[in-house]
Amino acid sequence: YYYYSSGVTVDEFMYDKEDTLVIFAAGNDGDELGDLSILNPGVSKNALTVGAAVTSTTPTTVAHFSARGPTYDFRLKPDVCGPGNSLYSAKASGSYGLASCAVVAKSGTSMATPAVAGAAALVRQFLVEGRHEVFSSTAFSQSSYNVSNPSAALLKAILIGSTAPLSYGYDSTKTKVTLADFYSGSSAVADSAAYYLGTTGVDFTQGFGHVRLSNVFSLDGSFNTFLYEDLISEYSTWAVDFTVTSTGTEVDVTLAWTDPPASTYCDLYYSKTGSGCLVHDLDLQVSLNGQRVFANFGAASVGTYAGLEDTTNNVEKVTISTAAFSAGDSVHIVVASNGLSYADTQKFALVATGSILQIVPSPEPSSPTPVPTLSPSFAPTRTYSPTKSPTLQPTPRPTNTAKPTSPTPVPVLAPT
């Protein structure tokens, strides 16, 4: 589905109402239409679009019917998956006015979406009620965000930052496939050749993976969660540094921003007749011990986008596995603004999780300003000769018989 009026309207609404996160179901035509089957307005940039996974306490598989991306300008959709095949919900009695306590099992992305929306509501409540400070006090003290009214971009970054990859999905023939093979470029599986993404665990079937809030908020103190909201101007950068404290958990860094609305049918890029829909291009640049780790598809070691920056999506995520680092290693994070065409600045949200601590640079001590010492050869010399002071004679005081006048008021200048 193309990016037309309803997608534009959603992006415009969220850009104007920056604290409102809109969540849509991806659709249920994945097994019939295959790729490019995300419903509109689920193709909007700023909305969180949800696919369905086979329901399990340890989910591994995307449901066969869950709509697949990409969008027509090759953006990553769905964003996340939630439990949706199947899920129990309230069942109506079927009779007007008759109450029922029954439940019924249903499947669909419209079942997964309320589950993810509930997770989003819990995240917002967690932040507003000060739970972040309770369970991650050190990280909270170094975070910077609006606790009483967190932005939609921050909620979106938290949910995407929480995701765990899924291993399996289905192709358009309803055949179960291993997603790493499906997007490997070397597989004979149907309709995978056009999307040589590599094996990153991020793809057009699952998005960034299955939402799992325990991956982003630790209730036992096993890792830290740093949250930031800030503003960046064109061609400028924002940076923060961390040190790794242990190899107990992976390090995840997620950047999200609410992008200005694009023009209708901006996604005709897919047919090579137009441009993409991203208006403000930010870039997440993460380095481990000085070595760049790329976001999204760029993280793959092979594939069309391996080692490249993402110039298409307004969400970027970097995952560094525990095998890649040791305690004491450094993580340098930069948000770079590559181009802003709609406004002079762009607000963004960043989430960093893991066994990490922020490095706060110590202020440099100020040195006292030295007092200049004059060389004796340049020291000025003055000789004063005493002179006789003249004798002043008193002046007769004039007699004034006129009525005294008020002194002229001194004008008071208002501060400029």
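The structure is a predicted model in which local features require a pLDDT of at least 70 and side-chain atom pairs are counted only at pLDDT 80 or more, whereas totals for chains, interfaces and linings use all residues. Residues are numbered from 1 along each chain as its sequence is written, and side-chain values use heavy atoms, with hydrogens and water left out. The pLDDT, the predictor's confidence in each residue on a scale from 0 to 100, averages 87 for the protein, and 83% of the residues score at least 70. Over residues 373-416 the pLDDT is below 50, and this stretch makes 0 contacts (heavy atoms within 4.5 Å) in the model beyond near neighbours in sequence. Where pLDDT is low, the predicted coordinates should not be read in detail.

Helices (H or I, at least four residues) and strands (E, at least two) are taken as DSSP runs numbered from the N terminus, and two strands are regarded as paired if DSSP finds at least two bridges between them. On this basis, 4 strands form an open sheet with antiparallel pairing in the order E8-E15-E10-E13. Strands E8 (224-233) and E13 (315-320) are the edge strands, each pairing on one side only. Neighbouring strands of the sheet are turned by 15 degrees against each other on average, direction ignored. The antiparallel pairing of E8 with strand E15 (residues 345-354) extends over 10 bridges, and Ser233 stands opposite Thr345 in E15. Helix H6 (residues 152-161) lies across E8, strand E10 (251-256), E13 and E15, and runs at about 30 degrees to E15; axes are lines fitted to C-alpha atoms, for helices over the stretch in contact, and angles run from 0 to 180 degrees between N-to-C directions.

Within strand E8 lies Thr225, which is buried, with a relative accessible area of 1% (buried means under 20% relative accessible area, exposed over 50%, and partly exposed in between, with a 1.4 Å probe and protein chains only). Not counting residues up to four places away in sequence, Thr225 touches several residues, including His132, Phe217 and Val351.

With a disulfide defined as a pair of cysteine sulfur atoms within 2.5 Å, the count comes to 1 disulfide, formed by Cys266 and Cys277 with their sulfur atoms 1.8 Å apart. The torsion about the S-S bond of Cys266 and Cys277 is about 100 degrees, so the disulfide is right-handed. Cys266 and Cys277 are both buried. Elsewhere, Cys81 is buried at 0% relative accessibility, whereas Cys101 is exposed at 81%.
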